[in-house]
Amino acid sequence: MPKGSRSTIRLRLIGNTIRDMREGAGLTQEAAARRLERSASSLSLIENGVQSLRLRDLSHILDVYKADPSLRDRLLAIADQELQRGWWDGFKGLISADAIDYASVEFSASRIDAVDGMIPGLLQTEDYVRAINVAAEPTADTKAIDHFVSFRMARQIILQRPYPTYLHVAVDEAAFRRVLGSRRVMRAQLVKILNECERENVTVNVLPLDRVPNPFYGSAFQNIQVGRPPLFTLTMIDRFSDRWVLDDEVQVTQHQARVEGVQRAALSKTGSCELIRRILSDL
């Protein structure tokens, strides 16, 4: 592995934990670096999640800090995930580095609980993805859109593999009624949703227009449980221009409660499918 690397979700999680262990031991970075037999600048990079670690190097750090065996196993498993390559590597230089990092984490997800004001990317058709991009950037390069569409379609493998990710998402009714691209595009999109909901691992709850579950509903966010058994859970908050990642246990728990609150306020899986069929028949 190279000595330096770009910050990723997993590296930041490992770095934060290493910092917590150092501070819990009452050590400065300089003192800890001497014990770890590395420079203080190198340790700083690790703690800030911008330097990769070989598994043997991480193991040495955990030994020096006398990490709890369960924590040790979890961090080594996360580091091993970080080193794995996948389909997303073929999109490097074509898609943003943050999107690629997110896809690699999503690929390892055992469960995703989400709230969305649009049809979720994991359930979109190619034509719907293309329509979204054209609407957002009418002058966007065709090749760039093609890469983005291919990337989004590739992400959907997690719902179709032998041990699929469980997806439970509450979606605003407006997302199913708003015509993007054309009526033909929307009909195909709604049919895909109905087909996906036949999978045991996919639940879509429609939040009717006349229901407002709580004041936190305004943004799209996801709670992602990574690993089997779970290694960590994080919250992804999507905004128009950026995405925030939260891994603090208290914040993640709060967002999980919010997701579940919206899901409870929405229609049941059966009721949601019935509403989607009615919307489809009107197109």
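These questions and answers show how the terms used for this predicted model rest on their definitions.

This is a predicted model, in which local features need pLDDT of at least 70, side-chain atom pairs count only at pLDDT 80 or more, and totals for chains, interfaces and linings use all residues. Residues are numbered from 1 along each chain as its sequence is written, and side-chain values use heavy atoms, with hydrogens and water left out.

Q: What makes a stretch of the protein count as a helix or a strand, and how many of each are there?
A: Both are DSSP runs, numbered from the N terminus: a helix is H or I over at least four residues, a strand is E over at least two. By that rule the protein has 12 helices and 6 strands.

Q: Why is Leu122 called buried?
A: Buried means under 20% relative accessible area; exposed means over 50%, and partly exposed lies in between (1.4 Å probe, protein chains only). Leu122 has 6%, so Leu122 is buried. Leu122 sits in the loop between β1 (109–116) and α7 (126–136). Of the 283 residues of the protein, 49% are buried too.

Q: What does Leu122 touch, leaving out residues up to four places away in sequence?
A: A contact means heavy atoms within 4.5 Å. On that test Leu122 touches Glu106, Ile112, Arg155, Gln156, Ile158, Leu159 and Leu167.

Q: Why is strand β4 described as largely enclosed?
A: Strand β4 covers residues 220–226. Of its 7 residues, 6 are buried, so the rest of the structure largely encloses β4.

Q: How do you know that β1 and β4 pair?
A: Two strands pair if DSSP finds at least two bridges between them. β1 and β4 have 6 bridges, so they pair. Their sense is antiparallel. Asp113 stands opposite Asn223 in β4.

Q: What joins β4 to β5?
A: There are 7 bridges between β4 and strand β5 (residues 232–238), and the two run antiparallel. Gln225 stands opposite Thr233 in β5. The hairpin of β4 and β5 has 5 residues between the strands. Gly227 in this hairpin takes a positive phi near 95°.

Q: What makes a side chain count as positive or negative, and how many of each does the protein have?
A: Lys and Arg count as positive, Asp and Glu as negative; His and the chain ends are not counted. That gives 38 positive and 36 negative side chains. Each charge is placed at NZ of Lys, CZ of Arg, CG of Asp or CD of Glu. The centres of the two sets lie 2 Å apart.
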